[in-house]
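I'm opening a notebook on a structure that is new to me. I'll jot down what I look up as I go.

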Amino acid sequence: MSTWADLLKEVEEKAAKREGDDEDVVRHESEGWIGLEQALRKLQVEDGGAMGPYMPGEQKGGGNNELTDETATKILEKVKCLAAHNNRFVREAVYGIIEVILKHSDITHGDTLATITSGLTDNWSQVRYRATHSMKAYLAKHTKPEIYPLILPRLCLNRYYIAEGVRLETQRLWVKVCGDRGIQLVSEHLPYFVAYYAAQVKEKNHAVREAACHCIAELVSKVPGVEPHIETLLKLIDEACDDPSWPVRDIACVSSSKIVLKYPECCQSKLPAIYKRFLYQAEDPIPSVRKHAGEALANYAKINNGCRVQVVDDVSKMLKRIFTQPETSVSATDLSNVTQFGVAKRVHDNDVEVHTNGGMFSCGSLAPGPSTARVLGGCSGGHGVARTGLDPWFATDSAVHTIRFMTDLNLKTDGLLDGVVPTLQVKTFIHYPQYWQTVWTSVPTIVRNIGKRAVTEWVNTVLPDLFTCLQCDNKLASTAAADCIIALRKLYGDTVWEGKLSVEQRAFMKHSLLQ
């Protein structure tokens, strides 16, 4: 059986030189470290893995392999140097070793906390996850208020990280550390949070930038005493609204609207530029961005009546944009008429030039940083569509979302619903089922918010279009129509609902799964 000294020696040997360096092969700098990873895994198993932990001062099987405090300190010193290794599997194994040592020993190297917090900001989700477990083991024995400025901002951001394991484990750890004092602790250490979020919004990892935008929105919405930092936060969010990665733009737009809604007096001079940004986002090719631009416009409308009138006027114009929509969508100019299983085939799918010399992306990890050109692949840009010559129906789609969110906030829509009715007759462009999907997904919420009696005539007017969509070939649109019918029937009751339907509509309901 290997001794601790043998295992440490093996780790040192494997760390000194990567495998295959003598071969005449060009490889990435992160390759060739599987031997080092395996050595670390063996060390982790000896220390507390599946074979059982070697507690300090204990021996296993009567052998002379005691894990002394001196040995534990040596292990921590060694793995600390490898925590910044360029191979992610090595870094993950390092934090696994730190975790089990902290669980079974009171020994901590001087830089242990700094090493763990570095792992909490790692670009790879698996490393963050293991570092989170290491932090949990550390805080179980070394919880002191002095370390809060260092650890709390990192834990707070990881509560919104895209990787589910990291997110859930951090949320549990946050509750364990803060209890019901989370808002109080954030308020007490507010400058540290603002500084950390400011740095993370500019990170190369788009998932980190997205999480930082979530945190800024949360900070403004829940934490008192943010007023001195509003200008800084608003500037950060404004830059994120022009991020090359659409998930970042998506949440940044909503975050910006929450800032101006909560602190309009601090943003008075910037309101025109911010509002212009919301209108710009409302024409984005990404459906989610358009939806949250509608939410941002509704939040803006709630600032005061003047803002509401301004939003109503612009939304009315946005509804009319669909009437200028050409038969061939700009975003679908690369679609051929050949279909395969009902899905339009993109002409450029087999174009070698389109797929050569492009950017490389790792989902949830590395993506273009904020300084990269806007129209990019992966989670960037609008499916590769530049922000020029966009489809007019995009604005109409966002207008429907805006109406829905305005009703959520109990804001008057001043007849905007009547403007939706004629838009349902536009069926001459390829993406009209997507617009229908937006409308029928929004209708139940609108009726519920305004009141079924107040909009009963409007519902009667759109019923023919609703049943037309129900029978269309697009599954997403027809499903949205079916869900809308089910929701409206529940709101009005069976008797009233039956009275609204024509003979043909009742017959269709009778012979469909909706009955």
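I began with a charge over a ring: arginine 88 lies over the face of tryptophan 124, at 4.0 Å from the ring centre. To count, NZ of Lys or CZ of Arg has to be within 6 Å of the ring centre and within 35 degrees of the ring normal. I noted another case, where arginine 290 sits over the face of tryptophan 393 at 5.0 Å from the ring centre.

Some ground rules before I go on. I'm looking at a predicted model, where local features need pLDDT of at least 70 and side-chain atom pairs count only at pLDDT 80 or more, while totals for chains, interfaces and linings use all residues. Residues are numbered from 1 along each chain as its sequence is written, and side-chain values use heavy atoms, with hydrogens and water left out.

Next, the aromatics. Tryptophan 393 turned up again, in one aromatic cluster with Phe394, Phe429, Tyr432 and Trp436. I found eight aromatic pairs in the structure. Rings of Phe, Tyr and Trp (its six-membered ring) pair if their centres lie within 6.5 Å; planes under 30 degrees apart are stacked, over 60 edge-to-face, and the rest tilted. Phenylalanine 429 and tyrosine 432 make an edge-to-face pair, 6.4 Å centre to centre with 75° between the planes. Tyrosine 432 also pairs edge-to-face with tryptophan 436, at 5.1 Å centre to centre and 80° between the planes. Those two both lie in helix α19 (residues 432-450), four residues apart, about one turn of the helix. I reminded myself that an α-helix has 3.6 residues a turn, so residues three or four places apart point the same way. Helices here are DSSP runs (H or I, at least four residues), numbered from the N terminus.

Which of these are buried? Phenylalanine 429 is, with a relative accessible area of 2%, and tryptophan 436 counts as buried at 2% too. Tyrosine 432 is partly exposed at 22%. The cut-offs are under 20% relative accessible area for buried and over 50% for exposed, with partly exposed in between (1.4 Å probe, protein chains only).

Then I checked histidine 133, which is in helix α6 (residues 125-139). Histidine 133 is buried, at 15% relative accessible area. Its side chain makes a polar contact with the side chain of tyrosine 129 at 3.2 Å. That term means a pair of N or O atoms within 3.5 Å; within protein, one must be able to donate a hydrogen and the other to accept it, and residues adjacent in sequence count only if both atoms are side-chain atoms. Leaving out residues up to four places away in sequence, histidine 133 touches Glu99 and Glu169, where contact means heavy atoms within 4.5 Å.
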